[in-house]
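Reader: I have a protein model open and would like to learn how to read it. Could you go through it with me?

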Amino acid sequence: EDLAALQRCRGDDAAKKRIEDLLRSKCGDEDFVKLQREAATRRLLEELREASDDQRDVNLDVIRGALELGADASAQEEDQDGSDFQEAGNFNLSALQILVTNPKVTHESMQLAVTSLIEAKADVNAEVGGESPLCSALQSRCVAGVEALGQHSAKVSADVLD
């Protein structure tokens, strides 16, 4: 939680660096890096989910910043409290699936965000919940998502054409 809050902090860079150094000295370099990656992954998923829920474009600075801090580009949403995913508005999608199912993301943002995730090792064809990102984008009728995935060698399968 502390590192997630630090990543969202918009204050003075010197103060942010000092706080980061204090936290690093408290938990050690190895644990700090691990916690920083976990916080960055959470920040990445939060931005993608919030953009989708709020029906808005994604913030590319947040996505790129999270990936630079070591966010897992292949991460997927988790059931936070044991509740039914669909009732809670959480569908256990991968970061790439959340992105490419949001029709409010502009064409340019979609291209840049998909490229950033794939460069950070997201698998364009990874199935989560029995669906590939391409299948998810098609079901959501997200043209920009379909185009971006197509430019990154997404495989067309019988499920996609169904």
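Reader: In what order do the elements of the protein run from the N terminus on?
Author: They run α-α-α-α-α-α-α-α-α-α, and the protein has 10 helices and zero strands. Helices (H or I, at least four residues) and strands (E, at least two) are DSSP runs, numbered from the N terminus. This is a predicted model, where local features need pLDDT of at least 70, side-chain atom pairs count only at pLDDT 80 or more, and totals for chains, interfaces and linings use all residues. Residues are numbered from 1 along each chain as its sequence is written, and side-chain values use heavy atoms, leaving out hydrogens and water.

Reader: How should I read two packed helices?
Author: Two packed helices are described by the angle between their axes and the distance between the axes. Axes are lines fitted to C-alpha atoms, for helices over the stretch in contact, and angles run from 0 to 180 degrees between N-to-C directions. Take helix α2 (residues 13-27) and helix α3 (residues 29-53): their axes come within 6 Å and cross at roughly 120°. α2 and α3 are therefore oblique to each other; angles under 35 degrees count as roughly parallel, over 145 as roughly antiparallel, 65 to 115 as roughly perpendicular and the rest as oblique.

Reader: Which residues of α2 and α3 make the contact?
Author: From α2 come E20, L23, R24 and C27, and from α3 come D29, D31, F32, V33, L35 and Q36. Contact means heavy atoms within 4.5 Å.

Reader: At what angle do α7 and α9 pack?
Author: About 40°, with axes 9 Å apart, so α7 and α9 are oblique to each other. H107, M110, Q111 and V114 of α7 meet A144, G145, E147 and A148 of α9.

Reader: And what about the inside of the protein?
Author: In soluble globular proteins, nonpolar side chains tend to be buried together. Here, buried residues make up 39% of the 162 residues, where buried means under 20% relative accessible area, with a 1.4 Å probe and protein chains only. A nonpolar core is a set of buried Ala, Val, Leu, Ile, Met, Phe, Trp, Tyr and Cys residues joined through side-chain atoms within 4.5 Å.

Reader: Which of the 33 residues in the largest nonpolar core touch the most other members?
Author: Those are L44, L48, V58, L99, M110, L117 and L149. The elements giving two or more residues to this core are α3, α4 (60-68), α6 (95-100), α7 (107-119), α8 (133-139) and α9 (143-150).

Reader: What does L99 touch?
Author: Not counting residues up to four places away in sequence, L99 touches L48, V58, V105, M110, A113, V114 and L117.

Definitions and conventions:
Buried means under 20% relative accessible area, exposed over 50%, partly exposed in between (1.4 Å probe, protein chains only).
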